[in-house]
Amino acid sequence: MAGNANYFKESDLRRIGRILDDMRKEERSEALTIMMENLDRYKNGKSAPTIQPLSLYLDVLEIIRESRVSAAVCRSLINNAEVIYENLFPLGENTPQFEANAEIFRLLAGENGLAMKGFFDASLFASFTDKSHYLTLIQMIAVKKQASKIFDKVSSYALEVREYFYDDIGYLTHLLKIVAKLSESSPDAYDQVTEQELLHVRRSNGVYDIDPVRLAQVEKNVKQAALTVENGKNALQMLERKSNSIIQLTEEMDDLSKEILASTKSFLDNQVDNAKSRIDEVLKEYEEKQKQSIHLEKEIFLKQVFSDAESEMTKYRSMAKAITATASADVAAISREAGNVIERLKDATVNDEKLRKIAEKSLKNEELLSKIDKLSLLNDTMIEKLGQEVAKAAQGMTQPPAEPGKPPVGGPGKPGEPMPPAGPVPPMAPPPHGPARHGDRPMPAINPLLDRSVPFKQRFEMVQKEKARRMKQGELFHEMFDDVITAVMEDVNPYLIGPSGCGKTYMVQQIGELLGIDCSDIGYINEEYDILGYVTAMGDYSESNFYWLYKYGGIAFCDELDNGNSKATVKLNSFLTNQPNASYCFPGGERVQKHGNFRVIAAGNTDGRGADVNYSTRERIEESVQQRMIPIYVTYDNRVEQAILKQYPEWFDFCVAFRFATDRWSEVSGIPAQGIFTTRDAFRIKQYLDNGSFTPEKIMQYEFVQTKEPEYLAFLKDEIAGRLKKTSAAYQIYQIFATEVDQVRKKGKRV
């Protein structure tokens, strides 16, 4: 190649000429003279540079020239560039990925290049298949304090651990972790840090050093155990002798115990007779107190009955309006009798026999007795006032029906006049401003458990009583359930933060059932119409689920709030106020009053600050939305999984150890663990075991091993082994896991 001017491209030769012309115009120096002599030889074809192609050499030469270095430094830089070139391009221009690595070569060369700063080690450089990873490592080291010392220590350490990593990514990740630890330590502790990490890497790959001191200690422990066993045998023999003595003594005391039993029975019979008499007295006292309590609460109970009958009464009012509208044509024809017709329609509405039977049946409905606890929240003043109203209502409701053709009598008016409505009708919610929507229905009353005028402690006691009843029937509740339902009852918009499968959605459904209100999952929010609805091309308003919940009460569950459109999510701010008289004008033109039973619960996998390693598509939640919510972290609850796997305790113990190991990985590596064990996984494992569909080996493959990196599995294997006793049934499950992990590591890649 040297001596052949035809080897070089014409463009490169012209570039040499331009560079020489520029150099001759500059002030002559020894370093400049060296460069010019080399260029003259290459231009005349007398020799060729080590660095090929010539254009790459000229790039490096211009970098050195711009540095204005001395002749000695110039020679050193050129020599360094040639050494780096030979390491980076062992096949010259035929080296794979030549163009990509040429950019790395330019960064390493020059006075300010990493090689000139002492950050080039040929052995470390050669250990990377992808040379860009070497550049990433060196750039990370160069910004640290004590950079030179860290580079020297990492260069020697890297060659010791390279054989334990399958690919460049794991190798680079580990070295970056070492750099971070060394930068946090003093130079005196560098050796200790690298030795500990090397020992950890070797053990993760199944390489253990035999420590003579430890071996001697083990032998000592074995001897001590043998001595303990011998002492145990002697103690067992002694206990056996004592047991025989006790048996003999027991036989001797048997006759005596029979005599004592006979006398005790006689004594207890007398005591039972006395106790029965006392119990009868106590029961009578208790019965009298209960009668007094029921008498005081009867009026409250009737108030609740009328509240429950409100929906039926509203239906009949609507029926009366429909009848009135239908009869309007006849009224026009017989206008002289219009007043009488309207009066008869009102009488039919007020004295409807079916309505009276519904109310009387409600009074006798034993299922409504459970509502007495809720109604006890009213104060004494309300009880006295309501008692007077209900007494009048009861008198009107129990009046015997009128004979055919005669109006009812006996009401509070004049004899023969129609009887007034039974008691005061609970006030309806104020009609919405603007046009009524199709599908409007009766406005429900405010749920007593959500009525903030009632003391919170009394409402919360009722919730806990119902929760205890459900738990006795076998229902499971998450450990954060009380905090979440407290936030709902206080109307402060909880945002549930937790990983997938930890039970957030199920908890929200439980809250809706326990409070007795509708709960609708509106999903994540992509556009504003997911909340507001929209007006169609025909001018009709298409209501959203959110609209109905806001108007008639219910829980709007915004699941995966962090997975929606953050701009559209901001629209929630208009509905997150806890003001009791809040309202909103929806696109259809109707201003809707916020119902007292309306609540918002949101949930997400992140804390609202955006994506992380496990949830890479999550959006950042706008700060104004977060300020209107309270964050509640909902993690996995071991009690729930223990109840799910109660028939398979060995699997539960293994799953707990597996979750501990994944948590340890996050602590040690600083990277969130992947493939963690969830409550959803517990349900699937129980299903497999109940049905006998998958073998334990298959369960281990699909639920715990597959899609995980070999070194990650090796770490989990070691951590789980340290958590389980070898004599336990869970350890047998672990052995299945260990076998599967060893097979993956033998293949050298994840399955």
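Analyst: One cut-off is needed first: a residue counts as buried under 20% relative accessible area, as exposed over 50%, and as partly exposed in between. The coordinates to which it is applied here come from a predicted model.

User: With that cut-off in mind, is T707 buried or exposed?

Analyst: T707 lies in the loop between α28 (696-705) and α29 (710-723), and its phi is positive, at about 70°, although T707 is not a glycine. Its relative accessibility is 54%, and because the limit for this class is over 50%, T707 counts as exposed.

User: Which class does E560 fall into, given its relative accessibility of 28%?

Analyst: E560 is likewise a residue that is not a glycine and yet has a positive phi, here of about 50°, and its place is the loop between β5 (554-558) and α23 (566-569). A value of 28% lies between the limits of 20% and 50%, so E560 counts as partly exposed.

User: How many helices and strands does the protein chain have, and what share of its residues is buried?

Analyst: The secondary structure of the protein chain consists of 30 helices and nine strands. The chain exposes about 43,700 Å², of which carbon and sulfur atoms supply 52%. Of its 751 residues, the share that is buried comes to 38%.

User: Which residues touch the most other members of the largest nonpolar core?

Analyst: The largest nonpolar core has 58 residues, while a second, separate core of 37 residues includes F652, W665, I685 and M700.

User: Where is S204 found, and which residues does S204 contact beyond its neighbours within four places in sequence?

Analyst: S204 belongs to helix α10, which covers residues 190-204. Its relative accessible area is 14%, and because this is under 20%, S204 is buried. Beyond its neighbours within four places in sequence, S204 is in contact with A714, D718 and R745.

User: What is the handedness of the crossing of α2 and α4?

Analyst: The axes of helix α2 (residues 30-43) and helix α4 (residues 71-88) come within 7 Å and cross at roughly 40°, so that α2 and α4 are oblique to each other. From α2 the contact draws on E30, A31, I34 and M35, and from α4 on A71, C74 and R75. The crossing of α2 and α4 is right-handed.

User: What distance separates the C-alpha atoms of T129 and D168?

Analyst: T129 sits in the loop between α6 (122-126) and α7 (131-142), and because its relative accessible area of 67% is over 50%, T129 is exposed. Along the chain, T129 and D168 are 39 residues apart. The distance between their C-alpha atoms is 6.7 Å.

Terms used:
Residues are numbered from 1 along each chain as its sequence is written. This is a predicted model: local features need pLDDT of at least 70, side-chain atom pairs count only at pLDDT 80 or more; totals for chains, interfaces and linings use all residues. Side-chain values use heavy atoms; hydrogens and water are left out. A nonpolar core is a set of buried Ala, Val, Leu, Ile, Met, Phe, Trp, Tyr and Cys residues joined through side-chain atoms within 4.5 Å. Buried means under 20% relative accessible area, exposed over 50%, partly exposed in between (1.4 Å probe, protein chains only). Helices (H or I, at least four residues) and strands (E, at least two) are DSSP runs, numbered from the N terminus. Accessible areas come from the Shrake-Rupley method with a 1.4 Å probe; for residues, only the protein chains shown count as cover. Contact means heavy atoms within 4.5 Å. Axes are lines fitted to C-alpha atoms, for helices over the stretch in contact, and angles run from 0 to 180 degrees between N-to-C directions. Angles under 35 degrees count as roughly parallel, over 145 as roughly antiparallel, 65 to 115 as roughly perpendicular and the rest as oblique. A crossing is left-handed if the near helix is turned anticlockwise from the far one by less than a right angle, and right-handed if clockwise.
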